[in-house]
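Please keep the sequence and the structure in view while reading.

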Amino acid sequence: MEDVLIFKTNVECESDVKRASALLKSTNQITRWNFDLCDCDKILRVVSSGLRPQVIENLLKTEGIYCENLTYEL
């Protein structure tokens, strides 16, 4: 079963998205992802299978990208 993880980030522009893209594409457990740069929290949505939020946070941190998991209730 796939999970949708939602993160608050500091991604501001397409060059930031490109930096993050290389990292996100390198992770096999991620099936889809997107940024909402129009949102005030610059939301990153990640669809994955069995990936812990901390993995994404630490991955993006290596490129100097702030990333904080946001919890939500369905």
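## The paired strands

In this predicted model, strand S2 (residues 30-36) and strand S3 (residues 43-48) run antiparallel and are joined by six bridges. Within this pairing, Ile30 stands opposite Ser48 in S3. The two strands S2 and S3 form a hairpin, with six residues between them.

Strand S3 also pairs with strand S1 (residues 3-9): five bridges join S1 to S3, and these strands run antiparallel. Here Val4 stands opposite Val47 in S3. Five of the six residues of S3 are buried, so the strand is largely enclosed by the rest of the structure.

## The overall fold

The protein contains two helices and four strands. Followed along the sequence, these elements give the pattern β-α-β-β-α-β. The radius of gyration is 11 Å, close to the 11 Å that the globule rule gives for 74 residues, so the protein is as compact as a globular protein of that length. Along its principal axes, the C-alpha trace spans about 30 × 25 × 15 Å.

Among contacts between residues at least 6 apart in sequence, 61% join residues at least 24 apart.

## Surface and charge

Of the 74 residues in the protein, 36% are buried. The protein exposes about 4800 Å², and carbon and sulfur atoms supply 50% of that area.

The side chains include 9 positive and 12 negative ones. The centres of these two sets lie 5 Å apart.

## The turn at Lys42

Lys42 lies in the loop between S2 and S3, in the turn of the hairpin that these strands form. Its relative accessibility is 14%; because buried means under 20%, Lys42 counts as buried.

The backbone of Lys42 deserves attention as well. Phi of Lys42 is near 45°, a positive value in a residue other than glycine. Most residues other than glycine have a negative phi.

## Ser48 in strand S3

Leaving aside its neighbours within four places in sequence, Ser48 is in contact with Met1, Glu2, Asp3, Leu5, Gln29, Ile30 and Thr31. One of these residues, Ile30, is the residue that stands opposite Ser48.

Ile65 is found in the loop between H2 and S4. With a relative accessibility of 4%, Ile65 counts as buried. Which residues does Ile65 contact, leaving aside its neighbours within four places in sequence? They are Asn10, Val11, Asp16, Arg19, Ala20 and Leu60.

Ile65 and Arg19 are 46 residues apart along the chain, while their C-alpha atoms are separated by 9.0 Å.

Leu70 belongs to strand S4 (residues 67-70). At 27% relative accessibility, Leu70 counts as partly exposed, because this value falls between the 20% limit for buried residues and the 50% limit for exposed ones. Apart from neighbours within four places in sequence, Leu70 is in contact with Ile6, Phe7, Lys8 and Ile43. Computed along the sequence, Leu70 and Asp41 are 29 residues apart, and their C-alpha atoms are 10 Å apart in space.

Asn58 is placed in helix H2 (residues 53-61). With a relative accessible area of 48%, Asn58 is partly exposed. Asn58 and Asn28 are 30 residues apart along the chain, and 16 Å separates their C-alpha atoms.

Note on methods
Residues numbered from 1 in each chain as written. Predicted model: local features only at pLDDT ≥ 70, side-chain atom pairs only at ≥ 80, totals over all residues. Heavy atoms only, no water. Buried < 20%, exposed > 50% of the residue type's maximum accessible area, 1.4 Å probe, protein only. Contact = heavy atoms within 4.5 Å. Rg over C-alpha atoms; globule rule 2.2 N^0.38 Å. Areas by Shrake-Rupley, 256 points an atom, 1.4 Å probe, with all protein chains shown as cover. Lys, Arg positive; Asp, Glu negative; His and termini not counted. Charge placed at Lys NZ, Arg CZ, Asp CG, Glu CD. Pairing = 2+ DSSP bridges.
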